[in-house]
Amino acid sequence: MTALKLTSRALVDTVYATALAAGGKDEGAPGVRGPGPDGFYGAYFRDLDGNKICVFIYGPADA
């Protein structure tokens, strides 16, 4: 699995949606993972070659 740190939750959402629109497979929709709302926010998908990719940001929700 490859993980890419992004700069905003909106960008996580956009990358995930773009990946699925291009034929990627869902492995976990964007959302908060863990106990706190200001922690890890990520999404998971598989690319066209089957590689699992995570896009994420860690920290408070965008202002």
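How many of the seven residues of strand β4 (residues 52-58) are buried? Five of the seven are, so β4 is largely enclosed by the rest of the structure. Buried means under 20% relative accessible area, exposed means over 50%, and partly exposed lies in between (1.4 Å probe, protein chains only).

This is a predicted model: local features need pLDDT of at least 70, side-chain atom pairs count only at pLDDT 80 or more, and totals for chains, interfaces and linings use all residues. Residues are numbered from 1 along each chain as its sequence is written, and side-chain values use heavy atoms, with hydrogens and water left out.

**View 1. The sheet and its strand order.**
An open sheet of four strands has the order β1-β4-β3-β2, with mixed pairing. The edge strands are β1 and β2 (25-33), and each pairs on one side only. On average, neighbouring strands of this sheet are turned by 15° against each other, direction ignored. Helix α1 packs on the sheet and touches β2, β3 and β4. The direction of α1 makes about 10° with that of β3. Helices (H or I, at least four residues) and strands (E, at least two) are DSSP runs, numbered from the N terminus. Axes are lines fitted to C-alpha atoms, for helices over the stretch in contact, and angles run from 0 to 180 degrees between N-to-C directions.

**View 2**
Strands of a sheet pair through backbone hydrogen bonds, either parallel or antiparallel. Here two strands pair if DSSP finds at least two bridges between them. β1 and β4 run parallel and are joined by four bridges. Leu4 stands opposite Val55 in β4. Strand β3 (residues 40-46) runs antiparallel to β4, with seven bridges joining them. Phe40 has Tyr58 in β4 as its bridge partner. The hairpin of β3 and β4 has five residues between the strands. In this hairpin, Gly50 takes a positive phi near 90°.

Six bridges join β2 to β3, and the two strands run antiparallel. Gly28 has Tyr44 in β3 as its bridge partner. Asp26 stands opposite Phe45 in β3. Six residues lie between the two strands of this hairpin. In the turn, Gly34 has a positive phi of about 110°.

**View 2. An aromatic pair.**
The structure holds one aromatic pair. The rings of Phe40 and Phe56 have their centres 5.4 Å apart and their planes at 20°, so the pair is stacked. The pair links distant parts of the chain, with Phe40 in strand β3 and Phe56 in strand β4, 16 residues apart. Both Phe40 and Phe56 are buried. Rings of Phe, Tyr and Trp (its six-membered ring) pair if their centres lie within 6.5 Å; planes under 30 degrees apart count as stacked, over 60 as edge-to-face and the rest as tilted.

**View 3. The nonpolar core and Tyr16.**
The largest nonpolar core has 10 residues in all, among them Val12, Tyr16, Ala43 and Val55. α1, β3 and β4 are the elements that give two or more residues to this core. A nonpolar core is a set of buried Ala, Val, Leu, Ile, Met, Phe, Trp, Tyr and Cys residues joined through side-chain atoms within 4.5 Å. Tyr16 is found in helix α1. Tyr16 counts as buried because its relative accessibility is 10%. The C-alpha atoms of Tyr16 and Val55 are separated by 7.6 Å, and the two residues are 39 residues apart along the chain. Leaving aside neighbours within four places in sequence, Tyr16 is in contact with residues including Asp26, Gly28, Ala43 and Phe45. Contact means heavy atoms within 4.5 Å.

Ser8 is found in the loop between β1 (2-5) and α1 (9-21). At 15% relative accessibility, Ser8 counts as buried. The side chain of Ser8 reaches the backbone nitrogen of Leu11 at 3.0 Å.

Met1 lies in the segment before β1. Its relative accessibility is 67%, so Met1 counts as exposed. Met1 and Asn51 are 50 residues apart in sequence, yet 6.6 Å apart in space, C-alpha to C-alpha. Leaving aside neighbours within four places in sequence, Met1 is in contact with Tyr44, Lys52, Ile53 and Cys54.

Key: Polar contact = N/O pair within 3.5 Å; in protein donor to acceptor, adjacent residues only side chain to side chain.
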